[in-house]
Amino acid sequence: KLNYVLYLLKSMYVDSIKTDELTEKIIPRVLEELDPHSTYVPKDEVEMTNSDLEGSFSGIGVQFNIQNDTIMVVDVISGGPSEKVGILPGDRIIEVNDSSFVGKDINNNKVLKTLRGKKDTKVNVGIKRNSSKETLYFTITRGDIPVHSVDAQFIIETKTGKKIGFVRVNRFGESTYDEFITAMASLRSQGASAYIVDLRENSGGYMDQSIMMANEFLQRGDLIVYSEGRAYPRYEAVANGLGRFQREKLVVLIDNFSASASEIFAGAMQDNDRATIIGRRSFGKGLVQQQIPFSDGSAVRLTVARYYTPSGRCIQKPYKMGEQEDYEMELLERLQHGEYFSEDSVQIADTTKYYTKTGRVVRGGGGIMPDIFVGTDTTLYTAYFNRIVNNAYTYQFAYQYTDQHRTELSKYSDWQSLEKHLLKANWLPELIEFVKKKGIEPNPAQLEVSKPLLVRLVNAYIVRNILNDEGFFPLFERDDQITKRAVEELSK
């Protein structure tokens with residue numbers, strides 16, 4: 001009927017109709033009646049969508065943020081196209097291809113679509129630099145920019161001298177396993193005898209990368225995950241026994257944004273009693289999508305199966321066909337009934353008991369429930385603090401401060417010495433004045449309560465602006481409650 005209606009419109013309708021445009025509107029409407037993860041990807045979005053998981057994409061090689069309707073260069077990728085022509089951290093991109101590129105309509109998607117492009121193509125940019133009164137112009141030849149999955153790796157040394165390796169994985173892309181195993185080998189060579197794998201805010205990606213990671217920790221024959229669907233035959237992933245980290249103690253960190261491939265890894269570790277899972281209940285995305293391309297370059301990502309953990313738990317949280325808005329609001333509902341703060345507030349409909357390899361009972365009903373729940377600590381939160389953070393003023397101030405003191409801050413090559421400098425710098429009055437100009441009046445009593453958290457956040461952001469994630473995460477995680485609980489567990 002659908003094909004016939006389109007034929008009738010094209011051949012008999014009173015006015016001329018662009019049936020191709022009509023089709024572009026129809027397909028998403030059809031998929032909206034299915035599960036929340038079956039989607040249509042238009043031609044102009046396919047490359048952008050895929051590039052996040054691929055090993056690299058073509059671009060100019062900068063990290064940026066948008067402040068005051070202007071693109072601020074936070075960092076320049078070493079050896080990348082922008083570094084080769086002389087772009088510097090702190091530069092502001094105000095023109096692209098001889099046209100103004102500032103204003104309220106500037107957003108991340110527009111910047112990415114404009115600055116990314118095919119390899120070896122050129123883009124002209126106009127730069128405002130603090131040291132120059134004139135606009136500087138550069139022609140950048142786009143090149144391959146690596147997409148990294150491992151944000152950071154570092155050693156946490158306990159009071160007893162034990163060394164714990166910490167690895168943060170932000171996505172499961174084409175290079176994730178290679179990056180991960182390289183990081184683990186490096187940490188082992190530095191003396192690590194136990195490990196923390198941080199999958200918080202990791203929304204997933206390629207299942208095979210998660211399976212290969214899990215294989216490194218499991219014994220031969222251990223089930224990692226299985227999937228099956230109506231027209232999708234059951235597939236089982238089983239450990240081959242060649243993993244290089246089968247004996248070391250392990251903790252996996254998850255939160256409500258850990259999804260899909262992250263949940264596969266965490267579920268495999270939990271059900272095989274291989275690791276302690278710490279944090280909060282994960283997102284609950286257990287639907288398998290297959291991307292099917294169309295001849296015009298667009299694609300449909302169609303759900304074809306469900307994931308199950310080794311104990312038989314379906315990772316997918318409940319949903320109603322065609323009711324995507326309710327599904328998207330589910331995380332907010334968790335917040336409203338207190339799940340982020342108390343384990344007793346977790347509401348799961350599935351009361352079925354599932355059993356791990358050694359017979360421990362684990363819970364299903366959507367997502368992975370941690371073995372050790374650590375709620376959000378709100379003791380340092382105040383209305384003053386929340387307004388500053390929710391408006392991203394900590395981030396904006398950190399960038400402004402870095403920009404004004406870049407020469408001085410760049411003298412420090414490690415986060416420890418840079419943090420010591422920042423603690424002596426007494427920048428807090430500047431932050432108070434900065435947010436006052438933004439409309440947030442000072443509140444000395446609330447500031448006194450939230451001061452430790454504000455100082456930690458801003459110092460960490462300034463360190464990131466100078467030393468990237470390699471400096472940011474060791475500082476940020478040092479005082480993180482979930483990480484501290486993981487260190488406590490591994491120190492037993």
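Reader: Helices (H or I, at least four residues) and strands (E, at least two) are DSSP runs, numbered from the N terminus; how many helices and strands does the protein chain have?
Author: This is a predicted model, in which local features need pLDDT of at least 70 and side-chain atom pairs count only at pLDDT 80 or more, whereas totals for chains, interfaces and linings use all residues. Residues are numbered from 1 along each chain as its sequence is written, and side-chain values use heavy atoms, with hydrogens and water left out. The protein chain has 17 helices and 21 strands.

Reader: And how compact is the protein chain?
Author: Its radius of gyration (taken over C-alpha atoms) is 25 Å, close to the 23 Å that the globule rule gives for 492 residues, so the chain is as compact as a globular protein of that length. The globule rule is 2.2 Å times the number of residues to the power 0.38. The C-alpha trace spans about 75 × 65 × 45 Å along its principal axes.

Reader: What share of the 492 residues counts as buried?
Author: The buried share is 49%. Buried means under 20% relative accessible area, exposed over 50%, and partly exposed in between, with a 1.4 Å probe and protein chains only.

Reader: Let us turn to the surface. Which residues gather in the patch of negative charge?
Author: They are Glu323, Glu325, Asp326, Glu328 and Glu333. Asp and Glu count as negative, Lys and Arg as positive, and His and the chain ends are not counted. A patch takes residues with over 30% relative accessible area and no salt bridge, joining like charges within 9 Å and nonpolar side chains (Val, Leu, Ile, Met, Phe, Trp, Tyr) within 5 Å. The place of a charge is NZ of Lys, CZ of Arg, CG of Asp or CD of Glu.

Reader: Which helix gives the largest share of the negative patch?
Author: Helix H9 (residues 324-328) does, with three residues. Glu328 is found in helix H9, and Glu328 is exposed, at a relative accessible area of 57%.

Reader: Which residues form the nonpolar patch?
Author: Met329, Leu332, Leu335 and Phe341 form it, and together they have about 320 Å² of accessible area. Such areas come from the Shrake-Rupley method with a 1.4 Å probe, and for residues only the protein chains shown count as cover. Phe341 lies in the loop between helix H10 (330-336) and strand S19 (353-355), and it is partly exposed at 40% relative accessibility.

Reader: A change of topic, please: how many salt bridges does the whole structure have?
Author: A search finds 32 of them. A salt bridge is a side-chain nitrogen of Lys or Arg within 4 Å of a carboxyl oxygen of Asp or Glu.

Reader: With which residue does Glu330 form a salt bridge, and how far apart are the closest N and O atoms?
Author: Glu330 pairs with Lys317, and those atoms are 2.7 Å apart. Glu330 lies in helix H10 and Lys317 in the loop between S18 and H9, so the pair ties together parts that are 13 residues apart in sequence. Both Glu330 and Lys317 are buried.

Reader: Where do Arg334 and Glu330 stand relative to each other?
Author: They are four residues apart in helix H10, which means that about one helical turn separates them. Arg334 is buried with a relative accessible area of 1%, and Glu330 is buried with 17%.

Reader: Which residues do salt bridges with shared partners join into one network?
Author: Asp151, Arg168, Asp198, Arg200, Glu201, Glu477 and Asp480 are joined in that way. Within this group, the side chains of Asp198 and Arg168 meet at 2.9 Å, N to O. This pair links distant parts of the chain, 30 residues apart: Asp198 is in strand S12 (residues 194-198) and Arg168 in strand S11 (residues 163-169). Asp198 and Arg168 are both buried.

Reader: One last topic, the backbone. What is the phi of Asn97?
Author: Asn97 has a positive phi of about 50 degrees, although it is not a glycine. Most residues other than glycine have a negative phi. Asn97 is placed in the loop between strand S5 (92-96) and strand S6 (99-100), and it is partly exposed at 40% relative accessibility.

Reader: And where is Asn426 found?
Author: Asn426 is in the loop between helix H14 (415-425) and helix H15 (428-437). It too is a non-glycine residue with a positive phi of about 50 degrees, and at 54% relative accessibility Asn426 counts as exposed.
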